[in-house]
2 protein chains.
Amino acid sequence: MTAAASGLPDVAALRRKVTSVLAGFVEEKAAAAAELRMPTEVTGCLRAFLARGGKRLRPLLCVTGWQAAGGEGVPEPVIRTAASLEMFHTFCLIHDDVMDDSGMRRGAPTLHRQLARHHEHGRSIADAERVGASCATLIGDLALAWSDELLHSAALTPAQLAAVLPLVSAMRSEVMYGQYLDVTTAGHPTTDVERALRIVRYKTAKYTVERPLHIGAALADAPDTVHEALSAYALPIGEAFQLRDDLLGVFGTPQETGKPALDDLREGKHTVLLSLALQTAGAAHREELRRLIGNRELTEPEAAHVRGILTGTGARQTVETMISRRREQALTALEHPAITPRARALLYHLADSATHRTS
Amino acid sequence: MTAAASGLPDVAALRRKVTSVLAGFVEEKAAAAAELRMPTEVTGCLRAFLARGGKRLRPLLCVTGWQAAGGEGVPEPVIRTAASLEMFHTFCLIHDDVMDDSGMRRGAPTLHRQLARHHEHGRSIADAERVGASCATLIGDLALAWSDELLHSAALTPAQLAAVLPLVSAMRSEVMYGQYLDVTTAGHPTTDVERALRIVRYKTAKYTVERPLHIGAALADAPDTVHEALSAYALPIGEAFQLRDDLLGVFGTPQETGKPALDDLREGKHTVLLSLALQTAGAAHREELRRLIGNRELTEPEAAHVRGILTGTGARQTVETMISRRREQALTALEHPAITPRARALLYHLADSATHRTS
């Protein structure tokens, strides 16, 4: 059964369109860099990063927001706006990886690691690492600036641009603040579930789901009722998505997630999962969690021990329950008559894959 | 004699207006952060950074570009556009300091150092430094995003916005590429004067002088002749400005420059000064320069020795001559009839202070 016959928009075709806009844009930038005699490794890195995949979740949600508000078809300005969200996300991922000093992303070495390697000739290891981090930071900065250029060259009407800009601005500040909370809390997991949920809300639920939907809806001049209905879906499903991510980060396999199984525990991110475990663990287990989580030298046997505690305290099951409850809330919100049937089908599908996924 | 009576625009008053727009904007962001229960240290850091001064050179040049093209007075949208350039520059400085791991800026500890200190409780030194660098990177990211918001809330006409956006985009990419060239070359000074001049052109001449003038001129719908006349002034004076900066970085005093006297030599930036010295030094001196420059443990006696070589090879004098020649070129370009007399007076004044300054 084809996507059209199933009533679902053709997600694969949408992804291809977004990827093609991004690839074309990067080629223009590569040609401009060559003309200015600027290092073409910048656009080379971005091209490879974008080609390695990614779910294109934010662009898909942007297009879905457009359709949810009654927008017809998938016009070029909508695709280009959607692509600008993916370019912005590229900035986020590159900077996050530098901040976390992550080693792998999408099954390949992270950009700062690749660039440290590329510039290691004649440098000490520490100097090469510094150059790698600086280069990746700058490529991220360019991706942020270029996400703007994609948006401003989307041929939006003045009314569309005026509707979208405040949402894009809010999205940027929210995810940056969310990351700020995250990096200042990492390494110090506490029993503060509320703070962990606030990070989830800003770094994921609003950034990944609500804002892309709203931006798409704003392109179609959606009334407040549509924005509200989309929020009622977006926030719980976005939280569920991140809670699933936290579980996968600890219990998933590298084959499934594309990153080493110990990264999340070694970073010691302040997750809801850890906060709950710290709340309910006995004194001895709590002490062990505090000692092992955030330890950059954590071994696989120690990680297995941590996983045992997270399961034994019931924290893992509680997070599963939180995911189910949020999924139910989101699906109920989808019944709102303000959302078009076509968008409802896609949002239903996304809710399913976000909460049951293994990668 | 007052500024008005001298025929010069009142530079101090312009600086105050720009600073007041920036301060008001940061207060709005601080109020928004408090409402979202986001860490207010972000806006606190930006507020203090902006209050510690800076020459506001790019905003002044933006306003001058407006006047050079016949713009009347200093309307609010022009001031706000000018302020957005200062916010963008704040982003550049914060990220540059992280990349160079600079210790001082504007007579105070750099942002990443302050933030490492602020978050050191319960962390190892290495972890606190990582958190400090991450926080400063994020505050820089926010400053970049917010420079956009300042521009988009400047109440420009659609024609003004359309004229300005491509220039702002070009400015961003140029300075980021210039910095990319800089960080990948630092620590490896060579005899390649052309590459050193290319860094100067993109990181300073175009970014600091030409683009701000063009952006101001574009607000006044300037014809190509004005843009060209401004470029003929901007590029040589911008190069002279950076060449002076390179000399001050090596021969200036901390009292004058606000930063430690050894920073530039320790970073080993690939400057025209060093390239020239490497070209003309004898084998023994060349070897010493290669050994000492970029050495993060460089002592003051070693620095004095390097200064002796830079003077002895004639490189210092050659750079002085390059500055004079560029200053002459710039002043000649100012005679172009397309530039208004009022703007000419200010540009003459800026050329003087850029090339004769001590800080």
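At roughly what angle do the axes of helix 16 and helix 17 of chain A cross? Roughly 175 degrees, with the axes of helix 16 (residues 315–333) and helix 17 (residues 341–356) of chain A coming within 11 Å. That makes helix 16 of chain A roughly antiparallel to helix 17 of chain A, a label for angles over 145 degrees, where under 35 is roughly parallel, 65 to 115 roughly perpendicular and the rest oblique. The axes are lines fitted to C-alpha atoms, for helices over the stretch in contact, and the angles run from 0 to 180 degrees between N-to-C directions. Helices here are DSSP runs of H or I, at least four residues, and strands are E runs of at least two, numbered from the N terminus.

Before I go on, some housekeeping. This is a predicted model, where local features need pLDDT of at least 70 and side-chain atom pairs count only at pLDDT 80 or more, while totals for chains, interfaces and linings use all residues. Residues are numbered from 1 along each chain as its sequence is written, and chains are lettered from A and ligands numbered from 1 in the order in which they are written.

On helix 16 of chain A the contact uses A:I323, A:R327, A:A330 and A:L331, and on helix 17 of chain A it uses A:Y348, A:A351 and A:T355. Contact means that the C-beta atoms, placed from the backbone, lie within 7 Å. By class that's five nonpolar, one polar and one charged. For the classes, Ala, Val, Leu, Ile, Met, Phe, Trp, Tyr, Cys and Pro are nonpolar, Asp, Glu, Lys and Arg are charged, and the others, Gly among them, are polar.

Over in chain B, helix 4 (residues 57–68) packs with helix 17 (residues 341–356) at about 150 degrees, axes 8 Å apart. So helix 4 of chain B is roughly antiparallel to helix 17 of chain B. B:T64, B:Q67 and B:A68 from helix 4 of chain B meet B:R342, B:A343, B:L346 and B:L347 from helix 17 of chain B. That contact divides into four nonpolar, two polar and one charged.

Now, the two chains together. Each side puts in 36 residues, 36 from chain A and 36 from chain B. Helix 7 of chain A gives the most to its side, with 13 residues. That side of chain A has 17 nonpolar, 12 polar and seven charged residues.

Which helix of chain B does helix 7 of chain A cross at roughly 170 degrees? Helix 8 (residues 158–185) of chain B, with the axes coming within 10 Å. So helix 7 of chain A is roughly antiparallel to helix 8 of chain B. Among the residues meeting there are A:L138, A:D141 and A:L142 on helix 7 of chain A, and B:R172, B:M176 and B:Y180 on helix 8 of chain B.

As for symmetry, a rotation of 180 degrees with 0.0 Å of shift along its axis superposes chain A on chain B, RMSD 0.0 Å; that's least squares on C-alpha atoms of residues with pLDDT of at least 70 in both. The copies are thus related as by a two-fold rotation axis. A:D141 comes closest to that axis of the residues of chain A, its C-alpha at 3.8 Å.

Finally, confidence. The model scores ipTM 0.94 and pTM 0.95. Chain A averages a pLDDT, the predictor's per-residue confidence from 0 to 100, of 93. Residues 1–7 of chain A stay under 50. Where pLDDT is low, the predicted coordinates should not be read in detail.

Terms used. Contact = placed C-beta atoms within 7 Å.
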